[in-house]
Amino acid sequence: MSEAKPVPSSEPVRIGIVSISDRASSGVYEDKGLPALQDWLSRALRNPVSFEPRLIPDERALIAQTLRELVDEAKCDLVLTTGGTGPALRDVTPEATLDVADKEMPGFGEQMRQISLRFVPTAILSRQVAVIRGQALIINLPGQPKAIAETLEGLKSSDGETLVAGIFAAVPYCIDLIGGPYLECREEVIKAFRPKSAQRPVAG
């Protein structure tokens, strides 16, 4: 009688979540970015996730310092930011993100704007970027919780068919390619795309 093959377990992942807002960081109003990010990621991923949350003001040097700390010291595999990506004078998140980049990944920003343009023409004013630093992927997301979910998850029809792919569908394979953990998604939230040669059995 052959022995049963052990069921693979999901790899743990460490994710940095950064909300960038002068007013929320100073207590003028409640931050909604960090709860929105943590809620969506907890629903989307099967992996055990450790979150590293940060709430900071719109200061370019501080944003860059925070991103370096999350990748280099906290060893995050993925860092998602929210806020500070518009054209206002205090919106410096993209500049700070590029300050810490080894490589730029322009497709993420392009796709986020395509998704948001389905809802508002002012989506062309958004400047989100994504970069690789070391073995981590850093992505700037919009500032509103609704827009965060839309850009990560994409757009679906009333019967659940994908109309526009969300950016998170490409995140697991990107992290594979830079040497990070194998991210597994719950397909009812987001279906990750990988070439067949890169797919593993689903963990139990």
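Ser10 is found in the segment that precedes strand β1 (13–20); helices (H or I, at least four residues) and strands (E, at least two) are DSSP runs, numbered from the N terminus. The model is predicted, so that local features need pLDDT of at least 70 and side-chain atom pairs count only at pLDDT 80 or more, while totals for chains, interfaces and linings use all residues. Residues are numbered from 1 along each chain as its sequence is written, and side-chain values use heavy atoms, with hydrogens and water left out.

**Surroundings of Ser10**

Ser10 counts as buried because its relative accessibility is 15%; buried means under 20% relative accessible area, exposed over 50%, and partly exposed in between (1.4 Å probe, protein chains only). The side chains of Ser10 and Glu184 are joined by a polar contact of 2.9 Å. Such a contact is a pair of N or O atoms within 3.5 Å; within protein, one must be able to donate a hydrogen and the other to accept it, and residues adjacent in sequence count only if both atoms are side-chain atoms. Pro48 lies 38 residues from Ser10 along the chain, and the C-alpha atoms of the two are separated by 7.1 Å.

**The sheet**

Six strands form an open sheet of mixed pairing, in the order β2-β1-β3-β6-β5-β4. Its edge strands are β2 (49–56) and β4 (103–104), each of which pairs on one side only. Two strands pair if DSSP finds at least two bridges between them. Helix α2 (residues 33–44) packs on this sheet, touching β1, β2, β3 and β6 (136–141), and its direction makes about 150° with that of β1. Here contact means heavy atoms within 4.5 Å; axes are lines fitted to C-alpha atoms, for helices over the stretch in contact, and angles run from 0 to 180 degrees between N-to-C directions.

| Strands | Sense | Bridges | Bridge partners |
|---|---|---|---|
| β1 and β3 (residues 78–82) | parallel | five | Ser19 and Thr82 |
| β5 (residues 130–133) and β6 | antiparallel | four | Ile132 and Leu137 |

β5 and β6 form a hairpin with two residues between them, and Gly134 in the turn has a positive phi of about 60°. Strand β6 is mostly covered, with six of its six residues buried. Ala136, Ile138 and Asn140 point one way from β6, whereas Leu137, Ile139 and Leu141 point the other way.

**Aromatic and charged side chains**

How many aromatic pairs does a search of the whole structure find? The search finds one. Rings of Phe, Tyr and Trp (its six-membered ring) pair if their centres lie within 6.5 Å; planes under 30 degrees apart count as stacked, over 60 as edge-to-face and the rest as tilted. The pair is edge-to-face, because the rings of Trp40 and Phe168 have their planes at 70°, with centres 5.1 Å apart. Trp40 lies in helix α2 and Phe168 in the loop between β8 (162–165) and α7 (171–177), so the pair ties together parts that are 128 residues apart in sequence. Trp40 is buried, with a relative accessible area of 1%, and Phe168 is buried at 1% relative accessibility.

The charged end of Lys146 sits over the ring of Phe119, at 4.6 Å from its centre. Arg194 lies over the face of Tyr182, 3.7 Å from the ring centre. A charge sits over a ring if NZ of Lys or CZ of Arg is within 6 Å of the ring centre and within 35 degrees of the ring normal.

**Helix residues and a loop residue**

Thr66 belongs to helix α3 and is buried at 7% relative accessibility. Leaving aside neighbours within four places in sequence, Thr66 is in contact with Val18, Arg54 and Ile56.

Thr93 belongs to helix α4 (residues 93–99) and is buried, with a relative accessible area of 0%. Not counting residues up to four places away in sequence, Thr93 touches several residues, including Ile20, Thr81 and Asn140. The C-alpha atoms of Thr93 and Leu141 are 9.9 Å apart, and the two residues are 48 residues apart along the chain.

Lys75 lies in the loop between α3 (60–73) and β3 and counts as exposed because its relative accessibility is 55%. Although Lys75 is not a glycine, it has a positive phi of about 60°. Most residues other than glycine have a negative phi.
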